[in-house]
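Please open the model in a viewer and keep the sequence at hand.

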Amino acid sequence: MLLIRISSPGRVLPPVGRYWPIRGVALGVGQAVASRYRRGMTTALITGATAGIGAAFARRLARSGYRLVLVARDTERLERASAELGARYGIEAEVLTADLATDEGIASVEARLADAERPVDLLVNNAGFGNKGAFGTVPLQGELDMLKVHIEAILRLTTAALPGMRERGRGAIINVASVAAFLPRGTYGASKAWVVSFTQGVLRDLGGTGVRMLALCPGFTRTEFHQRAGMGTGNIPSWAWLSSERVVDEAMRDLARGKSLSVPGKRYKAAVAIARVLPSGKLGGISSKAARTYRTN
Ligand SMILES: NC(=O)c1ccc[n+]([C@@H]2O[C@H](COP(=O)([O-])OP(=O)(O)OC[C@H]3O[C@@H](n4cnc5c(N)ncnc54)[C@H](OP(=O)(O)O)[C@@H]3O)[C@@H](O)[C@H]2O)c1
């Protein structure tokens, strides 16, 4: 199902170009919406924008004056988020209800990204989830849904967003992966490894286009993720937890610096650096032990 609603804060926003210069303007059409797009305001589309890291991206970008397109499955929650962001930050926040585990849901977001009259300057592919249990104990459909949301949706949404960004000579895509990308840990880790490899690979082909791409790899972050998956977190030490705000701050800083990989937090940076040089056999043992210790399965 597709539903679009715009919250109207009733005031004109200043143009924002905090992370890259605003050079282009939208194509001219004689409509009120298009005229707002002509003012040079920057638009960000965030998937999974109602909770956790996605909601933190929405607050952060709204604070910087971005117009938003919020994507998730729960329409009521999306509308609440849109109204709150509009009232608090004076921005417009469209609501786009879409289940990214379905073809129809992905297609509706693709269509929004490909709309040349309402260009999207920043795409945050953030929606994702975990399945509780080791491989073989999770129903196959759950694994397939994960691949659809974590891989196919990111592939298709990136493909839909890039032509317009290239044409305008500006834009950015943040793909939310995980530190699990660097650990051999079942379908989740494998899907996130694809996100990192895909992002860095595509970025190589974007040299000189003015378009940036960043793979964001958080460690344990306080969100609804573990609770939704029914995963225990009691054994995870408090120092291991990041806040969504910190994850987003570091991502935006790394994007502005032109990095292709962002690993928030010094401890996680060190862990990823070690993981990248360890032989995979040794890494598999460490990662299984960590999963048993922290009882996330
Ligand atoms: N939390 C962590 O420790 C952690 C660590 C590393 C990486 N990550 C990654 O960070 C990203 C965000 O996770 P989070 O921790 O912020 O999770 P969260 O708090 O559970 O939020 C997930 C968001 O994604 C949306 N979503 C879930 N399935 C969807 C689907 N099929 N279609 C569209 N939207 C969907 C949810 O809204 P609806 O339910 O309304 O659709 C919600 O807005 C994920 O990619 C996750 O893998 C998280």
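Begin with the ligand and select its surroundings. Of the 30 residues around the ligand, those that come nearest are Gly48, Gly52, Arg73, Gly128 and Thr223; a residue is near a molecule if its C-beta atom, placed from the backbone, lies within 6 Å of it. The model is a predicted one, in which local features need pLDDT of at least 70 and side-chain atom pairs count only at pLDDT 80 or more, while totals for chains, interfaces and linings use all residues. Residues are numbered from 1 along each chain as its sequence is written.

Colour this shell by class: 14 residues are nonpolar, ten polar and six charged. Here Ala, Val, Leu, Ile, Met, Phe, Trp, Tyr, Cys and Pro count as nonpolar, Asp, Glu, Lys and Arg as charged, and the others, Gly among them, as polar. Helices α2 (52–63) and α7 (225–229) each supply at least two residues of the shell, and α2 gives the most, with three. Helices (H or I, at least four residues) and strands (E, at least two) are DSSP runs, numbered from the N terminus.

Ala55, Ala58, Ala62 and Arg63 in α2 meet Ala81, Leu85 and Tyr89 in α3, where contact requires C-beta atoms, placed from the backbone, within 7 Å. This contact has six nonpolar residues, no polar ones and one charged.

Now display the strands. Seven of them form an open sheet in the order β3-β2-β1-β4-β5-β6-β7, with parallel pairing; two strands pair if DSSP finds at least two bridges between them. Strands β3 (93–97) and β7 (261–262) stand at the edges with a single partner strand each, so one side of each is left without a neighbour in the sheet. Where does β7 join the sheet? Strand β7 pairs with β6 (residues 211–216) over two bridges, and Leu261 is the bridge partner of Ala215.

Finally, select α5 (residues 140–168) and α6 (residues 186–204), whose axes come within 9 Å and cross at roughly 10 degrees. That makes α5 roughly parallel to α6. Among the contact residues are Met146 and Ile151 of α5 and Trp194 and Val195 of α6.

Methods. Axes fitted to C-alpha atoms, helices over the stretch in contact; angles between N-to-C directions. Parallel < 35°, antiparallel > 145°, perpendicular 65-115°, else oblique. Contact = placed C-beta atoms within 7 Å.
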